[in-house]
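Visitor: I have a new model open on my screen and would enjoy a walk through it. Could you take me from the strands to the helices, one question at a time?

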Amino acid sequence: MRKLGLDYGDKTIGVAVSDGFGWTAQGVEVIKRSNPTEYKKSIARIATLIKEYEIDTIILGYPKNMDNTEGERCEKTKLFQAQLETAFPTIPVILWDERMSTIAAERSLLEADISRKKRKNIIDKMAAVYILQGYLDKKQNKK
């Protein structure tokens with residue numbers, strides 16, 4: 001079974017999945033959202049991905065502040081977590097500290113000399129990869 005990594009935002013949700021062994025994360029797509037409080041289409045797309053990739057756990061990026069406090073983005077993320085838990089009651093949804101994931105993704109894309117326009121289209125997917133890879137690495141280190 002695989003893990004699904006999500007980088008949740010007001011306009012987009014970056015998506016990544018693990019390989020079958022749970023060693024590496026790969027970017028899948030960016031789900032575009034027209035309304036920050038509309039969940040139906042996003043949940044429907046996630047349901048398709050869960051079935052397609054045989055997902056057993058969802059890792060949801062949790063955007064704590066650098067001083068470890070929780071702000072407005074954390075509250076919005078918790079609301080989305082509740083939506084996911086309602087839609088997929090048999091799949092655990094784990095909040096994962098995502099501090100620095102977008103910055104790391106941006107650095108990687110800059111180092112790869114990706115144009116600004118292309119970076120804008122894939123940054124959330126790359127952030128989802130960093131979130132999921134962080135979770136996978138931590139899980140491997142516990143073994």
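This is a predicted model: local features need pLDDT of at least 70, side-chain atom pairs count only at pLDDT 80 or more; totals for chains, interfaces and linings use all residues.

Visitor: In what order do the elements of the chain run from the N terminus?
Guide: The chain holds 4 helices and 5 strands. Read from the N terminus, the order is β-β-β-α-β-α-β-α-α.

Visitor: In which sense do β1 and β4 pair?
Guide: One place to look is L4, which stands opposite I58 in β4. The two strands, β1 (2-8) and β4 (55-62), are linked over 5 bridges, and their sense is parallel.

Visitor: Why is β1 said to be largely enclosed by the rest of the structure?
Guide: A residue is buried when its relative accessible area is under 20%. β1 is largely enclosed because, of its 7 residues, the number that are buried is 6.

Visitor: Which residue in the turn between β2 and β3 has a positive phi?
Guide: β2 and β3 (residues 25-32) pair in the antiparallel sense over 7 bridges, and A16 stands opposite G27 in β3. The two strands form a hairpin with 6 residues between them, and the turn residue with a positive phi, about 75°, is G22.

Visitor: Which residue has a positive phi although it is not a glycine?
Guide: Look in the loop between α1 (40-53) and β4, where E54 lies. At 53% relative accessibility, E54 counts as exposed. The phi is about 55°, and the residue that adopts it without being a glycine is E54.

Visitor: Which element supplies the largest share of the largest nonpolar core?
Guide: This core has 20 residues, and those touching the most other members are L4, L6, I46, I58, F80 and L84. At least two residues come from each of β1, β2, α1, β4 and α2 (72-87). The largest share, 4 residues, is that of α1.

Visitor: What does F80 touch, apart from residues up to four places away in sequence?
Guide: F80 is among the core members that touch the most others. Its partners are L6, Y8, I13, Y39, I43, I46 and L60.

Visitor: How many residues are in the second, separate core?
Guide: Nonpolar side chains tend to be buried together in soluble globular proteins. Here the second core includes A25, A128, L132 and Y135, and its residue count is 9.

Visitor: Which side chain of opposite charge is nearest to D124?
Guide: D124 is in helix α4 (residues 116-141). A salt bridge would need a side-chain nitrogen of Lys or Arg within 4 Å of a carboxyl oxygen. D124 is buried yet has no salt bridge; at 6.7 Å, the nearest side chain of opposite charge is K32.

Visitor: How far apart are the C-alpha atoms of G14 and A127?
Guide: G14 is in strand β2 (residues 12-18) and counts as buried, at 0% relative accessibility. Its contacts, leaving out neighbours within four places in sequence, include D124, K125 and A128. G14 and A127 are 113 residues apart along the chain, and their C-alpha atoms are separated by 6.9 Å.

Note on methods:
Residues are numbered from 1 along each chain as its sequence is written. Side-chain values use heavy atoms; hydrogens and water are left out. Buried means under 20% relative accessible area, exposed over 50%, partly exposed in between (1.4 Å probe, protein chains only). Lys and Arg count as positive and Asp and Glu as negative; His and the chain ends are not counted. Contact means heavy atoms within 4.5 Å. Two strands pair if DSSP finds at least two bridges between them. A nonpolar core is a set of buried Ala, Val, Leu, Ile, Met, Phe, Trp, Tyr and Cys residues joined through side-chain atoms within 4.5 Å.
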